[in-house]
Structures are given as structure tokens and as C-alpha cells.
Amino acid sequence: MGYATNPIKQFDIIEIFSFGSINGFDLVFTNSALMMLVSVAIISGWLILTTRGRGLVPSRLQLVSEITYGFIANMIRTSTGSEGMKFFPLVFSLFTFILVSNILGLYPYFFSVSSQLIVTVALALLVMGIVIFYGVWKNGFKFLKIFVPSGIPLVVLIIVVPIEVLSFLSRPLSLSLRLFGNMLAGAIVVKVFAGFVVSLTAMGLIGIIGAILPLAMTVALTGLEFLVAALQAFVFTILTCVYLNDAIHPGH
Amino acid sequence: MEVEAAKMIGAGIATIGMGGAGIGVGIIFGNYLSGALRNPAAAGQFTNLIFGFAVTEALGIFSLLIALLLLFVV
């Protein structure tokens, strides 16, 4: 199937140039890597450009950066307390990177980085690695208290503890699959409705009139996808904060 | 039955699971709205609302993933 009809074709990773191969592993600069670099360049460029003046009375552009800072800082303070502020750089980077790469993926001919499972799994494993590493380093053996909710009779604990362990183990899975699934499903749905427009207009005059309906649906879905892109970046960040709270204060 | 047809039917059945997630997300937002409209002071629970939404929605995404795996990978 061609590019116009196959909804999964848009996620193909295309080689841009190759650095050669080492031990059979191809070192290739792909469109995925290019889009990640573009996202990082946009975030860094935006933040450097808007905070260059550093006016005491912020300009309008500077205000956008300050609101983003305040939004994330407030989120960390409410969910983990002021101790969590040492993770501010991590959470802020995660939020801006996911937000910008989600939104960039919605533009035509752009490649959606966050609809690649390997990217979201890497982000989720980074978060869970930090949670486990910091939790053990800070609390030592007490970190295991996250599996034992307080105030529960001993008999019930036999059932609750395996459930808590299972729930902890499924966190990286659900964290990565949620972002991946939302972005993938959204892109596929928009593509399917756009495909209806193409196939209807090929049917003549009646088809062209009928194609207004899927076209309107495509426009509406694109608007919805902008909402989902921002919401999923927010969800990933808030879950990161909740998991970090477990590492900082184990035991419910 | 042909394997290709069985894959298509299986993918269709797998997406039924998303309906359950839809019901769950609807209950969460509906209860939030009714609670927030009765007592506007309770509207500050937006973070918990999004947290519950995310946890519920993940299960729907799992079934969507099974459908996509059946269609394009297996």
C-alpha cells in the first residue's frame, strides 16, 4: 500500500545519512533523531530568547516562559512538597520535550517522535530508574514501605502486598504505553479520515460533495489532537511527580 | 478459518475493551463535574482528576495496542 492509503506508513523511520556501521550495528541519523533535535532546538531557543532580557517587569514573551516555570514548579510543590524541587530540571525537561514533540508531530510532513514506542519506553525507564535509584539511596531499606500501605490488618496485607508489587512493576509499562498509544491512535485516526476524503473525491461530483463530512471530521480531530498532545504531556509529568513522591516519602 | 480473517476479527473484538475505558473516563469526569458544581470549593482537585483519568485510560490503550499488534505486527 502507498503513502496515501496506509495509515501506519507515516511512522516509518527514514534514513537521512549514515555514519557507517560498527560491529554490524548501523549508526544512522534518521528522521526520528532529526525531529528530537528540532524539538530540543525549539525549546532551548525559545527559553534563551525569551529570558535574555530578564526584565523585573517581564515582557509578554518572557511571561510565557515564567508561566511555564511556575506551572511546573507549582505541580511539583503540590504533589511532592518542596523536597521534590531538586527534580525540577528533570520534570521541566520531560514536560517541554514531550509537549513540543507531541505538537510538532501534528503538522503535515513532520514526524511524531512520541508515537515511537522506543522513545516513550526510554523516557518511562528513565523516570522509573531515577525513582528506584533515588528511593533506595535516600531511604535505604525503608523504600520497601511503598509496597506496604499503613493501617491495614496483617491478614489483608498478604493480599495487598502482591497487588502493590504488581502495580509498581506495571508503572513503566503503563507510563510508556499511554503516551505512545495516545499519539499513535490520534495520528492513525486523522490519517484514516483524510483517506476517506481522498477516496470519496475520486468518485466524481457526488463524492466531492460527500467528502465535506470526513474533511470536517479531520479538522475537528486535528483540534482534538492538539488538546490530547497537551493533556498527555501534562499526564506524563503529573505521573512522574506522583512516582517521585513515592521515592521521597515512601509509606503512604 | 483463514488466519488473516481471524486477525481482523480478533482486532475488532479487542477494541471492545476501549468501551469499558470510555465508561470509566465518563464516570470520572461526570462525577468530578457533579461534585464541583454542587460544591465549587471542591473544584481544586484537578490534579487528582487528571491522575484518575490517566490511570483509567491506560487500560483502554492496552486493548487498542492489542488490536494494533494483531493488525500490523503479528
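Biologist: pLDDT is the predictor's confidence in each residue, from 0 to 100, and what does chain B average on that scale?
Modeller: Chain B averages a pLDDT of 89, and 100% of its residues score at least 70. This is a predicted model, in which local features need pLDDT of at least 70 and side-chain atom pairs count only at pLDDT 80 or more, while totals for chains, interfaces and linings use all residues. Residues are numbered from 1 along each chain as its sequence is written, and chains are lettered from A and ligands numbered from 1 in the order in which they are written.

Biologist: How many helices and strands are in chain A?
Modeller: Chain A has seven helices and two strands, and from the N terminus on the elements run β-β-α-α-α-α-α-α-α. The C-alpha trace of chain A spans about 70 × 55 × 50 Å along its principal axes.

Biologist: At what angle do α4 and α5 of chain A pack?
Modeller: Helix α4 (residues 117-139) and helix α5 (residues 154-201) of chain A pack at about 145 degrees, with their axes 8 Å apart. Axes are lines fitted to C-alpha atoms, for helices over the stretch in contact, and angles run from 0 to 180 degrees between N-to-C directions.

Biologist: Which residues in α4(A) meet α5(A)?
Modeller: Among them are Leu117(A), Val121(A) and Met128(A), and the residues they and their neighbours meet in α5(A) include Arg171(A), Leu175(A) and Phe180(A).

Biologist: Switching topic, how many residues of chain B are in contact with chain A?
Modeller: Eleven residues of chain B are in contact with 14 residues of chain A, where contact requires C-beta atoms, placed from the backbone, to lie within 7 Å. The chain B side divides into nine nonpolar, one polar and one charged residues. Ala, Val, Leu, Ile, Met, Phe, Trp, Tyr, Cys and Pro count as nonpolar, Asp, Glu, Lys and Arg as charged, and the others, Gly among them, as polar.

Technical notes:
Helices (H or I, at least four residues) and strands (E, at least two) are DSSP runs, numbered from the N terminus. Two residues are in contact if their C-beta atoms, placed from the backbone, lie within 7 Å.
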